[in-house]
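Biologist: Please show me the structure, and then let us go through the terms used for it.

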Amino acid sequence: MAEGLSVVSWRHWKPSSQPVSVVELTEALFKPFRVEGCSIALTGCLFEEVPFWLNDEGSRRRLFDLDGREVVDAKTLNWLTASLEPLEPAPPQAKRVDPSVWLRQTDVSLAAVPGQRQLVWARWAHGKLVVRSVRHSAEMPFQGWSTLLNLGETTAQPFRCSLTGAEGFDIVATDDDELTVRGATEQCAVSGRVRVVTHLETCAATGRRVSSEFLVTCPVSDQRVLPESLDRCSVCHELVASTVVSRGVCAQCDRLEPLTESGWGVDWLQQHGADLTSWRWRWVTGKRLTTFVGRRWLQREVWVVDTETKGIIRRVAGRWRGRWRDSVSQAGVLPA
């Protein structure tokens, strides 16, 4: 350290309004947040004393940081210098400050301005707020000058929902004990439970917003619907969304075409013992289901096959004016 520049012998000041304890910051840091079904706490708050060289040039006060950069932000300059009180004894950190390096970076000569050996020590705070429900927790970091934190001009980061990415200061714990912001919740129309919106879907038939577990997937349209919104197709006998049924026939069976040599349909029927000589066959294939409909005289037969696995889902037979007979049945919609 340069001779005659011992920072310990300088005058030391601190902003008179500066908080000196964590307790003084708690109320201000909590104020922007609203919590429901959860709690919020301040944890891991640390203070750091940061020195600024105070240079009085007549009626003008100037501040320089450790790198010789002048503080030009009017708000910061004002609270750092508006009301100062002596800081005694000097902070322990003062012994580690080398003002010779500091002052060489400025446009002010200490020797040219007698009596300007003054330091202002500002308190920088950093830590985190933690919000907790029964099984979950999340952190909101904060950092800033303790005075500005106490005034509410600097705040902790808003809570960020890990499921939706939504941010905000209004934090709630859902009925599933998941933490999110209020705008990212919705009530299930079936159970009445408040859940994160990502857990809910819209029933394609009724428009109701419900938890995903209450919906099934229509094997014809892939629409997600409530079970009570399913109708049974009079051709393939599968339960499908009511939105794809017209006059009792689903949209897929309404597109049946004569079976031809092209495609895998002929080989599949032959492998499974179907009579292709005396029976007239029509078929339609979709993303999930393939349906074969055979007719001969007063007899009829329907095979419903999983398009991907080629496994039999349903096989029904009957007479034109009689009842259908389920000979192989795994009836119901395919899994999602």
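Modeller: Start with a cut-off: a residue is called buried when its relative accessible area is under 20% and exposed when that area is over 50%. The model shown here is predicted.

Biologist: Which residues are buried in helix α1?

Modeller: In α1, which spans residues 23–30, L25, A28 and L29 are buried.

Biologist: Why does S229 count as buried?

Modeller: The relative accessibility of S229 is 7%. The limit for buried is under 20%, so S229 counts as buried.

Biologist: Where is S229 found, and what does S229 touch?

Modeller: S229 sits in the loop between β17 (224–225) and β18 (230–232). Leaving out residues up to four places away in sequence, S229 touches C203, A205, T206, V240, A241 and S242. A contact here means heavy atoms within 4.5 Å.

Biologist: How many helices and strands does the chain have, and what share of residues is buried?

Modeller: The chain has five helices and 27 strands. Of its 336 residues, 43% are buried. The accessible surface comes to about 18,100 Å², with 48% belonging to carbon and sulfur atoms.

Note on methods
Residues are numbered from 1 along each chain as its sequence is written. This is a predicted model: local features need pLDDT of at least 70, side-chain atom pairs count only at pLDDT 80 or more; totals for chains, interfaces and linings use all residues. Side-chain values use heavy atoms; hydrogens and water are left out. Helices (H or I, at least four residues) and strands (E, at least two) are DSSP runs, numbered from the N terminus. Buried means under 20% relative accessible area, exposed over 50%, partly exposed in between (1.4 Å probe, protein chains only). Accessible areas come from the Shrake-Rupley method with a 1.4 Å probe; for residues, only the protein chains shown count as cover.
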